[in-house]
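Subject: Structure for you to look at

Hello,

Here is the structure I said I would pass on. Please open it next to this email and follow along.

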Amino acid sequence: MEESKLLYKGKAKKLFKTNDLKTLRVEYLDQATALNGIRKDTVIGKSILNNQITALVFEQLKLKGIHNHFIRLISKHEQLVEEVEIIPLEVVVRNVSAGSFAKRLAIPEGQELEFPILEFYYKDDSLDDPIINGDHIKILKIATEEEMTTIKNEAHKINQLLIELFEKINIRLIDFKIEFGRREDGTILLADEITPDTCRLWDKKTNDHLDKDVYRRNIGDIVPVYQEVLHRLEQTFN
C-alpha cells in the first residue's frame, strides 16, 4: 500500500496517507524523548519494540470488545491504522501514585490509590499539555458531554482490561495515557498507542521499572526493558 504524503511527524512516530483514504501507515521511530521533547535521544531498536507491543495490546483489547484504530502490522516498525480525527485530549488513568501525580499531591510514590483516578490533559505542545477539567474541555469545545461520557467509560474499561492483561505477565499497571479518535459518523474509539512509552509498568516481584521512566530517570537502557515486556506478552498471548 503506497503512501501519498507525510501527514504528521511526532516525537515517536510518523503518519503517512495511503492510497486507501480510510487507512494510514504508522512508522515508529527510534527516538526517546522526555520533558515534552526537550530531551531527545536516538535509541536503536525502540521503534520495532513499540510497534509490536502496541499491536499486540490493541489486538487483545479488540478481542475484549474495545474498538480501536489498529488494523495490522506491515513490517517490524510499521503498522496500518484506521484514519480518525484525533481528539486533542490525553486521558490519563492512575492506579498507583507515581511521577508528577506523586509530586503534585505529595502522595508517596508506590501508594495504591483507593480508586482509579482519571485526569485530562490538553494535547498542545506549545502549552506543555496542561492538565484541564470538564469545564475547560467544554470551553475549548474539545468534545461534547456525550463524547466525554463515552471517553470516561471506555477509559475505565480499558484500565480494567489492561490491569488483567499485565497481571498475567507479572506486571503492575501503575498508570497510563491513552488518546481517542472520532470517525466521520461520530463514533469514538481508542487510537494512538499503548506501549512502555505511555504506561508505567512495574515488575510485580521486584517493583523494577519496565517503562520509559528508565530513560526519564537515567536508571538504565530502555531497549532490554522494552524487550522484556514484549517477550512476556508474546509468551502469553501469541
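Is Met 148 buried or exposed? Met 148 has a relative accessible area of 8%, so it is buried (buried means under 20% relative accessible area, exposed over 50%, and partly exposed in between, with a 1.4 Å probe and protein chains only).

Before the rest, some notes on the source. This is a predicted model, in which local features need pLDDT of at least 70 and side-chain atom pairs count only at pLDDT 80 or more, while totals for chains, interfaces and linings use all residues. Residues are numbered from 1 along each chain as its sequence is written, and side-chain values use heavy atoms, with hydrogens and water left out.

The whole chain

The protein chain has six helices and 14 strands (DSSP runs numbered from the N terminus: helices are H or I with at least four residues, strands are E with at least two). Its radius of gyration is 17 Å, close to the 18 Å from the globule rule for 238 residues, so the chain is as compact as a globular protein of that length. That radius is taken over C-alpha atoms, and the rule is 2.2 Å times the number of residues to the power 0.38. Along the principal axes, the C-alpha atoms fill a box of roughly 50 × 40 × 35 Å.

Of the 238 residues in the protein chain, 50% are buried. The accessible surface is about 12,200 Å², and carbon and sulfur atoms hold 50% of it (Shrake-Rupley method, 1.4 Å probe; for residues, only the protein chains shown count as cover). Among contacts with a separation of 6 or more, 56% join residues 24 or more positions apart (contact means heavy atoms within 4.5 Å).

Helix α4

Met 148 is in helix α4, and Ile 158 lies in this helix too, which covers residues 145-167. Leaving aside neighbours within four places in sequence, Met 148 is in contact with Leu 89, Phe 120, Ile 137 and Ala 143. Its C-alpha atom is 36 Å from that of Lys 205, which is 57 residues away along the chain.

Ile 158 counts as buried because its relative accessibility is 0%. With neighbours within four places again left out, its contacts are Leu 61, Ile 66, Phe 176, Ile 178, Phe 180 and Leu 190. Ile 158 and Ser 100 are 58 residues apart in sequence, and their C-alpha atoms are 22 Å apart.

A buried asparagine

Asn 51 lies in helix α1, residues 46-63. Its relative accessibility is 0%, so Asn 51 counts as buried. A polar atom of the Asn 51 side chain lies 3.1 Å from the backbone oxygen of Ser 75. Not counting residues up to four places away in sequence, Asn 51 touches several residues, including Tyr 28, Leu 73, Ser 75 and His 77.

Most residues other than glycine have a negative phi. What is phi of Asn 170? It is near 60 degrees, a positive value in a residue other than glycine. Asn 170 lies in the loop between α4 and β12 (171-182), and its relative accessible area of 39% makes it partly exposed.

Phi of Asn 207 is also positive, near 65 degrees. Asn 207 lies in the loop between β14 (199-203) and α5 (213-216). Asn 207 counts as partly exposed because its relative accessibility is 39%.

Regards

Conventions. A polar contact is a pair of N or O atoms within 3.5 Å; within protein, one must be able to donate a hydrogen and the other to accept it, and residues adjacent in sequence count only if both atoms are side-chain atoms.
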